[in-house]
Amino acid sequence: MKNIVILISGRGSNMQAIVNANIPDANIAAVLSNSETAAGLAWAAERGIATDSLNHKNFDSRLAFDQAMMEKIDAYQPDLVVLAGFMRILTPEFCAHYENRLINIHPSILPSFTGLHTHERALEAGCRVAGCTIHFVTPELDCGPIISQGIVPILDGDTADDVAARVLTVEHRLFPQAVADFVAGRLKIEGNRVLNAQRNAAGQSLLA
């Protein structure tokens, strides 16, 4: 059984998708947040999952917050830490502490559109597709080894909200599968590439 700690900042819809997937041999040990009012905390608590929060505004530095959060995370002896809409840029110290056991979901087809406002930027660039990427986290923002990616079309007349909603449906399918692959030991990092024997079968169904 692998212990999973999930970090969120809001409603945690991807966290909910992971919990609802009932992944074999995965124990969702805790859901933590940098906001005590994050709606996802109440959702998790209602299902008997341990929850806690730390307000980053109460810390003098990004590193001080990360160190305090690491203490809370490590109390659950995690095999995997999942960033499911955790809206914080992490310090190199945090990334190194959880090296190769820290994954994130980003709402673009990386390496395009790192950072924020990804769907607006894709529309401005005239892209015909959008998507999401699940990757291992490294100190460089949104640049770690890619586990999997999902693609959706951008239709004429789409708004950023339209694209976001379409991408979110893919995120909810892709993220639980990535966690399941990690738990089952199917992921292997070679350089900047993640090898996964099930990648082709899983990925094709997400292409639109």
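**Salt bridges and exposure**

I looked up Arg-47 and found a relative accessible area of 43%, which counts as partly exposed (buried is under 20% relative accessible area, exposed over 50%, and partly exposed in between, with a 1.4 Å probe and protein chains only). I keep in mind that this is a predicted model, where local features need pLDDT of at least 70 and side-chain atom pairs count only at pLDDT 80 or more, while totals for chains, interfaces and linings use all residues. I also note that residues are numbered from 1 along each chain as its sequence is written, and that side-chain values use heavy atoms, with hydrogens and water left out.

Which residue pairs with Arg-47 in a salt bridge? I found Glu-46, with the closest N and O atoms 3.5 Å apart; a salt bridge here is a side-chain nitrogen of Lys or Arg within 4 Å of a carboxyl oxygen of Asp or Glu. Glu-46 itself is exposed, at a relative accessible area of 62%.

I then turned to Asp-158, whose side chain meets that of Arg-166 in a salt bridge at 2.7 Å, N to O. Asp-158 is buried, with 14% relative accessibility, whereas Arg-166 is partly exposed at 22%.

Next I looked up Lys-188, which forms a salt bridge with Glu-190 at 3.4 Å, N to O. Lys-188 is partly exposed at 49% relative accessibility, and Glu-190 is partly exposed at 43%.

For the whole structure, I recorded six salt bridges.
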